[in-house]
Amino acid sequence: MRETTGRRSAWVTGAALLTTLMLGTVMTTVPADAHSERRAGTTVTARWSGAVNTTSRDAVNAAYWAQYAPKQLLNIDWLLGSLLGCLPGLTSASTNAATLSSLNFVRSLAGLAPVTFSRTLNDSAQKAALIMAANGNLSHNPSSSWKCWSSAGAKAAGRSNLALAYPTLRAGQIIDLYMDDPGATNAAVGHRRWLLNPFSTVMGSGSTSTANALTVMGPTSASRPNPRWVGWPTAGHFPNAIEPRGRWSLSSGLKSVSFARAKVAVYLNGTTRIPVRKYAVHTGYAQPTLVWQMPANFSRTAAYRVIVTGIKKAGVRKTLRAAYTVRLFTPSR
C-alpha cells in the first residue's frame, strides 16, 4: 500500500532493505502435484466467477478497503518463537488471515481463484522464516552451518518466496512487497508471478517479526480458472495505492507462449504514446511473462492503453496480440 495509508513515509527503511533482501524461487524442484502441473496451461478460460468486477470502480474500491488496506498495518504476531533459542514458534491465526486476505485480493483482481493456507505448509514455512531471520540473510538453499538451520526449513526455503524487513514486517505488507518486486535483481517479477499462478490451490506462510517465507510451490489443479492474459496492474479499474512503482507485467495463461520478441506500447488516455523500457524475458517463474518499466513520474490517476504485439505461440505461425486498458484511481472511503 502507498500514499493513501502512509506506508511510504512509515516504511522507508524497511522497504529499502526489502528491495535488496527478497528472493523468488525458480522452478527447479518437482511441483507437489506434478501430473496436474503438466496439464496446466494448455487451455484458457474466463476469469474466476467470484473475482472482483474490475469494470466497476466502486466494486474495486470496496474490495480494496474490505480485503486489503486494513491488513497492511497489522502487526505480525509471532508466538512462542525465539531467535536465541532457535524456536520457530508460529504466527497467529489473525496474522495468517490478514496475509491470506491480501493475497486473495490481488488474485481476485487478476481474475484468479483464491488459495488457502495449510497447517503443514505454514509449519515448514515458519521454520524457513526462522532461518532467514536468525541469519539476517536470504537463501533458497541455506547451508547447514546457518544459525537455526533445520532440514524442514531448508526444504521449505527452496519452495518459497523469501523476504526480510527491518525494523519489523507487517502481515499484509508481505504481499505488497512481493507484488511490487522492487530492485534490479527482481526484474523478472518472480515473486509476483508465483502469487499469480492460476493453478495454485494451497500455499503456506511463516513469519517472524522481520522475515517471511511464503511457500508458493504447493498443490495445483489444472482445472482452475486460467484467463488468457493477466496484467499487473490488471485491466479495468485499479487502485493506485498498489501500483507497483512502474514495474508492469503481462502474463499468459498458456505455457506455450513466448514473449521473447514481443513489443509493448503504452498510450496515455489511449492517445499519447509514452516511453517504456522492456526488461529481458525470464522463464522458470510460474507463467510466461513480459515485464516493462513505465517512465518516471507518470500519472497515477490516468488511463493507459497497453498493446503487446509479436507474442509467439509454439506451433502457430501467426503472432498473437494483447490489448487492454488500465484505469488507475485513488481509493477512497
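1. Thr116 stands opposite Val202 in strand 6 of this predicted model. Thr116 belongs to strand 4 (residues 116-117), which is joined to strand 6 by two bridges and runs parallel to strand 6. Strands here are DSSP runs of E with at least two residues, helices are runs of H or I with at least four, and both are numbered from the N terminus. Two strands count as paired if DSSP finds at least two bridges between them.

2. Strand 6 also pairs with strand 7 (residues 211-215), through four bridges and in the antiparallel sense. In this pairing Ser207 stands opposite Asn212 of strand 7. The two strands form a hairpin, with three residues between them.

3. Strand 6 (residues 202-207) is mostly covered, with six of its six residues buried. Buried means under 20% relative accessible area, exposed means over 50%, and partly exposed lies in between (1.4 Å probe, protein chains only). In a regular strand the side chains alternate between the two faces of the sheet. Here Val202, Gly204 and Gly206 point one way, Met203, Ser205 and Ser207 point the other way, and all are buried.

4. The second largest pocket holds about 200 Å³ of space. A pocket is an open set of points on a 1 Å grid over the protein atoms alone, where a 1.4 Å probe fits, with protein on both sides within 12 Å along at least five of seven lines; lining residues have an atom within 4 Å of a point. Grid points are joined across faces, edges and corners, and the volume is the space filled by probe spheres set on the points.

5. This pocket is lined by 15 residues, and Arg47, Trp229, Gly231, Thr234 and Ala235 lie nearest its centre. Strand 8 (229-232) and strand 17 (320-329) are the elements that give two or more residues to the lining. Strand 8 supplies the largest share, three residues.

6. For the protein as a whole, there are nine helices and 17 strands. Of its 333 residues, 57% count as buried. Residues 24 or more positions apart make up 73% of the contacts with a separation of 6 or more, a contact being heavy atoms within 4.5 Å.

7. On the basis of the values: residues are numbered from 1 along each chain as its sequence is written, and side-chain values use heavy atoms, with hydrogens and water left out. As the model is predicted, local features need pLDDT of at least 70 and side-chain atom pairs count only at pLDDT 80 or more, while totals for chains, interfaces and linings use all residues.
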